[in-house]
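These are my notebook entries on a single structure. I record each item in the sequence in which I looked it up.

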Amino acid sequence: YEMDSRFKMLFPRMYSSQGHHVTAYKEWGNVKGKRITVDRCGRQETLVMPTMGENLRFFFSYQVNFMYWRYFMWNFAGRQNDLQSHGELDKGNWISGISFLDNARLGNQDTLPDSLKNNKGRNRYFMLPLLLGLLGILWQLGNKKQGNLQFWLVFVLFFMTGLAIVMYLNQTPYQPRERDYAYAASFYAFSIWIGLGVMFFYSLIKKFMPKPLAAIIVTICCLGVPALMAQQNWDDHDRSNRRVARDFGLNYLNSCAPNSIIFSNGDNDTFPLWYNQEVEENRTDMRVCNLSYLNTDWYIDQMKREAYTSAPLPISWEKKDYVSGHLDVCRVSDHPQFANGMELGQALDLVRNPKTIDDNGIGTFFSSNMILPVDKQKAIETGTVAAKDSARIVNQMNIKLGRSVGKAQLMVLEMLNSNNWERPIYVAATVGSEYYPALQEYMQLEGLAYRIVPVKGQRERVNTEAMYDNMMNKFVWGNIADPNVYLDEQHIRMARTMRMMFGQLTAALIEEGQNEKALEVLNKCMEVIPTTSVPADYSSAMIAEYYYELGQTEKADALIRPLLDDCIAKIEWVKSLKPKYSKAVSQDMSIRQNVGLIQNMWMTARNYNSELTTELEENLQKYYPLVRN
């Protein structure tokens with residue numbers, strides 16, 4: 001590209017055109033910009049370009065301060081909690097443990113809700129490691145020429161593995177995870193200065209007593225700093241007895257029938273599954289197929305080969321049909337001849353026909369409605385649909401395409417066409433619908449995976465028989481219930497997903513009139529995912545509602561009570577903040593969300609005549625005006 005020189009600047013920091021990045025650029029850089037008029041094919045258009053000052057403000061406020069110094073202070077001053085932050089007041093900031101410093105920056109820390117105050121990732125070092133490191137720098141600089149040389153050697157290591165990386169990477173806002181690991185070497189370099197900080201005290205004390213005695217006293221005193229860090233860090237670095245990743249990976253696999261295929265997409269629903277198969281040899285009859293990798297020819301090659309005891313995936317295409325740069329994307333262009341749709345097999349043949357592929361390797365679907373004829377007898381013979389449900393099997397599946405189809409979706413369509421219900425095909429429950437063709441109305445939940453079946457319905461449809469057996473008899477729980485096992489944000493999020501799955505199964509059982517089984521499911525949920533380990537939230541409110549529906553008012557109230565207390569604590573803390581701070585809290589802490597949760601609990605309790613109804617209503621009346629304000 002030849003860039004318009006009016007939009008060039010030295011050291012540009014803002015470059016992404018993604019909407020959420022643009023919004024964050026404006027917030028972090030306080031961008032007002034300067035207006036530049038451009039000519040677009042004879043049409044005048046005014047664009048806004050950040051000024052150099054705004055560009056540098058984003059660099060220092062976000063990239064330097066938020067994405068480096070914040071991580072630096074985690075290691076040498078203290079950490080607020082283990083929650084990922086995008087700039088919120090209540091997540092992932094550094095703290096010191098010194099009240100007047102922390103309260104001035106982050107609001108009153110003494111009145112924090114218990115859910116934040118008791119977070120195991122809350123570590124307070126009182127800035128002692130930082131102070132010791134700064135004294136180490138002073139000691140080096142005070143040692144004349146040799147000390148100065150040593151300082152610059154350490155400083156180059158510190159700078160090049162820290163701030164230099166910040167400048168080089170030019171990170172956008174909304175990183176998918178905290179990036180502190182990228183600067184580990186820089187923190188190691190500062191730790192050298194911490195060690196030299198001991199020499200600072202030694203050089204002072206040896207003037208007043210024998211050197212051996214001075215060395216012993218200084219060593220003992222300075223050991224207090226790493227001892228403090230070990231004490232603060234132990235609970236959120238201890239992985240003892242935590243088997244969540246392995247066990248939940250096995251749960252994904254055990255959600256599926258023998259000899260099946262499961263489509264995954266992210267790290268958390270792929271790598272634990274591979275580990276189970278590769279290392280522990282669990283469910284080697286299955287094939288895990290990652291949709292992100294399925295966009296590449298080398299991965300499709302892998303999927304066409306046997307693995308473990310799993311047969312190749314049903315992909316009939318040859319390498320020339322899916323080689324890199326060929327059919328990476330296909331356009332969808334409805335042709336009048338196929339106004340009522342086109343059979344999937346015919347469409348796939350046309351897509352890979354050289355005559356329909358343009359010079360850029362882009363193919364074409366001539367209809368947005370793919371028709372997959374269903375062999376009903378085959379679907380019953382293979383157990384895809386139970387014989388008792390044969391009347392529900394559709395004659396054909398109608399699959400709607402968007403404006404374009406990527407290679408991964410193309411391969412999914414090819415497998416559906418070639419498989420003919422021979423092997424069960426599943427989609428992991430945590431995969432977003434944008435990653436695979438529009439099959440939601442032909443999917444049924446059987447655990448942590450949806451099975452694709454030729455029965456039209458809603459995505460929420462649950463195969464209660466299979467899901468009950470999987471969750472009650474086959475699933476394992478990674479010691480979640482043990483309060484001594486450390487669960488970070490990711491583990492808690494996954495545990496709440498499992499709680500939601502219990503809720504979906506319960507709702508389906510109640511709808512079928514299987515109330516005894518539904519109660520067993522709820523009790524199992526509270527046994528393996530108790531609120532003592534996975535704090536109460538909207539998912540536990542849902543469990544409470546089902547307890548109410550089943551006449552278990554006492555158990556429902558026991559779930560509502562801690563959730564109400566948590567909502568009140570969050571609202572009161574946010575109320576106590578200055579206006580500029582209250583606007584910076586996360587959505588979980590916001591007054592609006594917590595009042596809304598109280599309202600939902602009140603409506604549920606009222607419907608089932610709970611004793612908590614009056615208390616919920618009083619709090620709703622008390623706090624609802626805050627939402628309007």
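In what order do the 5 strands of the open sheet stand? I worked with a predicted model, and I read the order as β6-β5-β13-β15-β14, with mixed pairing.

**Entry: sheet edges.** I looked up which strands stand at the edges and found β6 (287–290) and β14 (443–445). Each has a single partner strand, so one side of each is left without a neighbour in the sheet. I noted the twist as well: from one strand to the next it averages 30 degrees.

**Entry: β5 and β6.** I then examined how β6 is joined to β5 (residues 261–264): the two strands run parallel and 4 bridges join them. For isoleucine 261 I found arginine 287 of β6 as the bridge partner. Phenylalanine 263 stands opposite cysteine 289 in β6. I also recorded that β5, helix α12 (residues 271–278) and β6 make a right-handed β-α-β unit.

**Entry: asparagine 417.** I located asparagine 417 in helix α17 (residues 407–419). Its relative accessible area is 30%; because buried means under 20% and exposed over 50%, I list asparagine 417 as partly exposed. Beyond its neighbours within four places in sequence, asparagine 417 is in contact with Leu344, Gly345, Leu348 and Leu372. Finally, I looked up asparagine 417 against threonine 553: they are 136 residues apart in sequence and 50 Å apart in space, C-alpha to C-alpha.

Note on methods. Residues numbered from 1 in each chain as written. Predicted model: local features only at pLDDT ≥ 70, side-chain atom pairs only at ≥ 80, totals over all residues. Heavy atoms only, no water. Pairing = 2+ DSSP bridges. Axes fitted to C-alpha atoms, helices over the stretch in contact; angles between N-to-C directions. Buried < 20%, exposed > 50% of the residue type's maximum accessible area, 1.4 Å probe, protein only. Contact = heavy atoms within 4.5 Å. Right-handed = clockwise from strand over helix to strand, strands pointing away.
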